[in-house]
Amino acid sequence: MSRIRFFLTVMALAATATVPAAAQSTGQLVGLGNKCADIFQQNTNDGTPVVLFECTGNANQRWTLTPRSGGVLDLVGLGNKCLVQGPQNGNGQLTAVVGPCGTGDSSFEVIGGELRGEFKLRRAGADLCLDVLGSSTADGTPLILFPCVDQENQEWRLVGSTSVPALFVPYARNNNGS
């Protein structure tokens, strides 16, 4: 077989190969003060705030990072609700609440992270990161979406997952998300 024919055969086989779906990873989203992202009072109604709270292992603190097309992911929590961009609070800051998955408001990107270390969750298409309001570690502190900065109140870890999330692969090469 000529080299060209061999090359074309290999390319044709590669084009028809199936790629497994990106793996999901589930665990607690742990941030500032080793506290967890928590769906307030286990309420799954759209618009329920997501707050910082002592890690309990309860279902309202378990998040599944679910990759979607285009390099974004949904953070799916209790009741199959996603962490989404909510309305502005009294200070004009965008709140983090639960709502429907698969929307622009639920689209996040992992940036600045290491495979098993800390990372930021940036709202896709915006320079807004998941942030602990006022850097407070008090239980019930609201999570907000705030311009991305290099501060620990925007750093998160996925704890309790037994697999390295596939969503980290595109970002492992550099830390700016591109």
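**Entry 1: a buried cysteine**

I began with C82, which counts as buried at 0% relative accessibility. I kept in mind that this is a predicted model. Which cysteine does C82 join? I found a disulfide from C82 to C101, with an S to S distance of 2.0 Å. C82 sits in strand β6 (residues 82–88) and C101 in the loop between β7 (94–99) and β8 (108–111), so this pair ties together parts that are 19 residues apart in sequence. Next I looked at the torsion about the S-S bond of C82 and C101, which is about 105°, so I noted the disulfide as right-handed. Is C101 buried or partly exposed? C101 has 30% relative accessibility and counts as partly exposed, because buried would require under 20%.

**Entry 2: the other disulfides**

How many disulfides are there? The count came to three, so I went looking for the others, using the 2.5 Å cut-off between cysteine sulfur atoms.

I looked up C36 and saw that a disulfide joins it to C55, S to S 2.0 Å. C36 is in strand β2 (residues 36–39), while C55 is in the loop between β3 (50–53) and β4 (62–67), so the link ties together parts 19 residues apart in sequence. I wrote down 105° about the S-S bond of C36 and C55, a right-handed link. C36 is buried, with a relative accessible area of 0%, whereas C55 is partly exposed at 27%.

Then I turned to C129 and C148, which form a disulfide with their sulfur atoms 2.0 Å apart. I placed C129 in strand β10 (residues 128–132) and C148 in the loop between β11 (141–147) and β12 (157–159), 19 residues apart. The torsion about the S-S bond of C129 and C148 is about 95°, so that disulfide is right-handed. C129 counts as buried, at 0% relative accessibility.

To finish, I numbered the bonded cysteines of the chain in sequence order and got the pairing 1-2, 3-4, 5-6.

**Entry 3: salt bridges**

How many salt bridges does the count give? I got six, and I followed up some of them.

One of them brings together the side chains of D139 and K35, at 2.8 Å from N to O. I traced D139 to the loop between β10 and β11 and K35 to the loop between β1 (25–30) and β2, which puts them 104 residues apart. D139 counts as partly exposed at 37% relative accessibility, but K35 counts as buried at 17%.

Another joins the side chains of D46 and K81, at 2.5 Å from N to O. I found D46 in the loop between β2 and β3 and K81 in the loop between β5 and β6, 35 residues apart. D46 is partly exposed, with a relative accessible area of 49%.

I also looked up E109 and R122, whose side chains meet in a salt bridge of 3.1 Å, N to O. E109 is in strand β8 and R122 in strand β9 (residues 120–123), 13 residues apart. Are these two buried or exposed? E109 counts as buried at 16% relative accessibility, and R122 counts as buried at 16%.

**Entry 4: positive phi angles**

Last, I checked some backbone angles. Q41 is a residue other than glycine, and its phi is positive, near 50°. I located Q41 in the loop between β2 and β3, and it counts as exposed at 65% relative accessibility. N80 is not a glycine either, but has a positive phi of about 55°. I placed N80 in the loop between β5 (73–76) and β6. N80 is exposed, with a relative accessible area of 62%.

Definitions and conventions
Residues are numbered from 1 along each chain as its sequence is written. This is a predicted model: local features need pLDDT of at least 70, side-chain atom pairs count only at pLDDT 80 or more; totals for chains, interfaces and linings use all residues. Side-chain values use heavy atoms; hydrogens and water are left out. Helices (H or I, at least four residues) and strands (E, at least two) are DSSP runs, numbered from the N terminus. Buried means under 20% relative accessible area, exposed over 50%, partly exposed in between (1.4 Å probe, protein chains only). A salt bridge is a side-chain nitrogen of Lys or Arg within 4 Å of a carboxyl oxygen of Asp or Glu.
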